[in-house]
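Work through the exercises below with the sequence and the model open. Try each task before reading its solution.

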Amino acid sequence: MPVSAIVLAAGEGTRMRSTRPKPLHLICGRPMVMHVIHALSSVDVERTVVVVGHGAERVTKKVQEQAPSSANVTFVEQSHQRGTGHAAIVGLTAFPEEDLDDTSTVVILPGDAPLLRPSTVEELVGFHEASGHAATMLTARMDDPTGYGRIVRAKDGRVVGIVEQRDATPEQLAIDEVCTSIYAFRRDLLGPGLRRISTDNSQSEYYLTDVVGVLAGMGHRIGTVVADEPAETQGVNDRWQLALAERELRSRTNRNWLLNGVTMLDPRQTFIDVTVELGRDVTLFPGTILQGRTVIGDGAEIGPDARLVDTVVGGGAVVENTVARDAEIGAGAHVGPYASLAPGAHVASGAHTGPFYTGVAD
């Protein structure tokens with residue numbers, strides 16, 4: 001059955017201390033919100049509604065440029081930020097009204113969870129659809145759950161609601177199972193549930209988490225899927241968390257390339273954007289930074305201390321101690337050490353530049 005998704009990307013992100021909209025902060029060469037959209041790649045997405053707010057025009061433009069066509073992205077604007085529940089209500093306005101009795105699945109995700117894996121979304125949706133629950137939450141168990149909403153259960157284990165940190169009692173604060181803000185809802189129940197939530201909380205906002213309690217109170221069953229790795233569910237709210245997420249995603253990226261025929265002398269000193277393409281038997285020496293749409297051909301050697309941005313390197317080439325941007329290096333060429341290639345520069349196949357070479361556009 002097709003799945004719809006709502007990505008909540010309207011927040012201001014004041015803790016980022018930046019003029020850049022929070023969803024557009026880069027992690028491994030890709031905006032945060034785009035990592036979330038790519039996490040939907042494992043399910044049959046009928047539509048992806050991105051709720052924008054702060055920096056709406058910039059976020060919309062970037063997502064339109066980079067989103068895969070299979071995501072079927074549309075946008076709605078939350079002009080006044082009144083909480084995640086209100087953002088979900090705004091997101092539902094992009095759905096056709098005549099389909100309100102549709103029992104298909106709506107996945108709701110925050111736009112600041114860049115480590116979420118497609119396999120986890122697939123597991124959440126699969127369990128939700130197989131169980132027939134009104135809602136299924138992705139939860140995590142954390143040694144330190146500070147700041148997260150706690151999953152409240154009845155004595156028989158049934159989920160009865162979620163309580164936010166600021167509204168929790170001391171007993172509830174001791175709960176280590178937390179809400180990740182990632183859900184799968186039955187579409188025909190999501191709208192009625194949202195209409196019943198209120199702003200009766202410490203922030204005077206509409207909490208999306210309150211929908212769980214509303215649906216449980218109506219007698220519906222709420223399911224949970226516990227994330228295998230709590231780290232993949234964590235949001236990014238400041239530059240420190242951004243750096244931690246980048247480190248984790250770079251580790252994943254490097255491991256994937258190592259298992260697919262690339263040699264790295266020290267993965268901890270090798271930095272590869274998720275948008276980079278590498279051939280077989282490529283060797284990357286320490287200090288190598290590959291960014292943007294860079295493509296490295298089979299058998300090439302890059303580094304040490306090379307930074308290539310949007311650069312194409314032919315098979316068997318050697319690129320040492322070089323900085324290049326939007327350049328092209330032919331097969332079997334030897335560039336460097338200490339070379340600089342300006343945008344549009346081209347090094348012919350088999351050429352040797354020698355040290356301290358400066359390449360300019362042809």
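The exercises cover strands, a helix, nonpolar cores and an aromatic pair.

The model is predicted, so local features need pLDDT of at least 70 and side-chain atom pairs count only at pLDDT 80 or more, while totals for chains, interfaces and linings use all residues. Residues are numbered from 1 along each chain as its sequence is written, and side-chain values use heavy atoms, with hydrogens and water left out.

**Exercise 1. Determine the strand order of the five-stranded open sheet and name its edge strands.**

Step 1. Helices (H or I, at least four residues) and strands (E, at least two) are DSSP runs, numbered from the N terminus. Two strands pair if DSSP finds at least two bridges between them.

Step 2. The order is S12-S15-S18-S21-S24, with parallel pairing.

Step 3. Strand S12 (263-264) and strand S24 (334-335) are the edges, as each pairs on one side only.

Step 4. S12 pairs with strand S15 (residues 283-284) in the parallel sense over two bridges. In this pairing Thr-263 stands opposite Thr-283 of S15.

**Exercise 2. Describe how strand S10 (residues 177-186) is enclosed and which strands it pairs with.**

Step 1. Buried means under 20% relative accessible area, exposed over 50%, and partly exposed in between (1.4 Å probe, protein chains only).

Step 2. Eight of the ten residues of S10 are buried, so the strand is largely enclosed by the rest of the structure.

Step 3. Strand S6 (residues 105-110) runs antiparallel to S10 and is joined to it by four bridges; Ile-108 stands opposite Tyr-183.

Step 4. Strand S7 (residues 135-141) also pairs with S10 in the antiparallel sense, over seven bridges. Here Ala-135 stands opposite Phe-185.

**Exercise 3. Find the buried and exposed faces of helix H2 (residues 56-66).**

Step 1. The buried residues of H2 are Ala-56, Val-59, Thr-60 and Val-63.

Step 2. They cover an arc of only 95° around the axis, which puts them on the same side of H2. The arc is that of the directions from the helix axis to the C-beta atoms.

Step 3. An α-helix has 3.6 residues a turn, so residues three or four places apart point the same way.

Step 4. Exposed Glu-57 and Lys-61 lie on the face turned away from the buried side of H2.

Step 5. The cover over the buried residues includes helix H1 (32-38), strand S4 (45-52) and strand S5 (73-77), where contact means heavy atoms within 4.5 Å.

**Exercise 4. Identify the residues with the most contacts inside the largest nonpolar core.**

Step 1. A nonpolar core is a set of buried Ala, Val, Leu, Ile, Met, Phe, Trp, Tyr and Cys residues joined through side-chain atoms within 4.5 Å.

Step 2. The largest core has 33 residues, and Ile-6, Ile-108 and Tyr-183 have the most contacts inside it. Helix H7 (residues 210-217) supplies the largest share of this core, five residues.

Step 3. A second, separate core has 31 residues, including Val-36, Val-45, Ala-67 and Ala-71.

**Exercise 5. Classify the aromatic pair of Tyr-338 and Phe-356.**

Step 1. Rings of Phe, Tyr and Trp (its six-membered ring) pair if their centres lie within 6.5 Å; planes under 30 degrees apart count as stacked, over 60 as edge-to-face and the rest as tilted.

Step 2. The whole structure holds two aromatic pairs. Tyr-338 and Phe-356 are stacked, at 5.3 Å centre to centre with 20° between the planes.

Step 3. Tyr-338 is partly exposed, with a relative accessible area of 49%, whereas Phe-356 is exposed at 64%.
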